[in-house]
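Hi everyone, thanks for making time this morning. I'd like to walk you through one structure, so let me put it up on the screen.

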Amino acid sequence: MTIFRVIDTEGNLVGGIVEVASLDVMAGEYTNPQSDLLSPPDEISIEAMSIHHITYEMVAGKPLLEEVMPKYLGADYYIAHNAPFDRSKLPLIPAETPWICTLKLSRYFYPDLPKHNNQYMRYALQLNVTVPDDLYPHRALYDCYVTAALLVHFATVCECSIEGMLQITNTPSLLSTIYFGKHKNTKWADIDKGFLNWCLKNMENLDEDTRYTIEYYLTK
């Protein structure tokens, strides 16, 4: 049976990760939930702790990522909300394994929503998500349950095939709304070309979708 493994990481905002978790979706059922706290290679920033509430005390003596990764390997597909980020943090997953990005799918099917993070999508789409009582948002396994519900939504409500999801995942998305700076929450179509050119020249770490959107509107 094909294994669709939803996977999520929580980081320290420096480079390493402090938690990894996954949840399998098989024949529409959720199974095999697993999670591990990790000893990060760097300090956990205060900002990171304020998001996921994972502290030094919680990760003291925990294993390194490479020690726990074998049990997360072996899926036919990996699914993540912002797959390029999680994929970059999990280099032991074979490069040839296909990934599906629910963030890309969210932007594709619901381009006019002001946000597309998984908690926003959960409530915007009124998803029925049942999460274990001891978890909370921004813990990796909690977020896996939400992302799994998104995956099922795109497969059933949006009637998107796996091939379609892969195509959307691997194609740049045209964004509707800008998420940063003085023009935050403004439609990209309303941004003047001077600012668009400034972004290309001065913002070195633009993600694929943002760069594609800027270049698109510069031609209009």
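I'll start with the sheet, go on to the helices beside it, and finish with one histidine. Please keep in mind that this is a predicted model.

So, in what order do the strands of the sheet come? There are 5 strands in an open sheet, and the order is 3-2-1-4-5, with mixed pairing. At the edges you'll find strand 3, residues 29–37, and strand 5, residues 99–101, each of which pairs on one side only. On average, neighbouring strands in this sheet are turned by 25 degrees against each other, ignoring direction.

Let's look at the strand 5 end.

Now, which strands does helix 5 touch? Helix 5, residues 102–109, packs on the sheet against strand 4 and strand 5, and its direction makes about 45 degrees with that of strand 5. Helix 8, residues 162–169, packs on the sheet too, touching strand 1 (4–11), strand 4 and strand 5. The direction of helix 8 makes about 75 degrees with that of strand 5.

Last stop: His153, which sits in helix 7, residues 140–156. Is His153 buried or exposed? His153 has a relative accessible area of 9%, so it counts as buried, the cut-off being under 20%. Leaving out residues up to four places away in sequence, His153 touches Tyr110, Leu125, Leu127 and Cys158.

That's my tour, and I'm happy to take questions.

Methods:
Residues numbered from 1 in each chain as written. Predicted model: local features only at pLDDT ≥ 70, side-chain atom pairs only at ≥ 80, totals over all residues. Heavy atoms only, no water. Helix = DSSP H or I, 4+ residues; strand = E, 2+ residues; numbered from the N terminus. Buried < 20%, exposed > 50% of the residue type's maximum accessible area, 1.4 Å probe, protein only. Contact = heavy atoms within 4.5 Å. Pairing = 2+ DSSP bridges. Axes fitted to C-alpha atoms, helices over the stretch in contact; angles between N-to-C directions.
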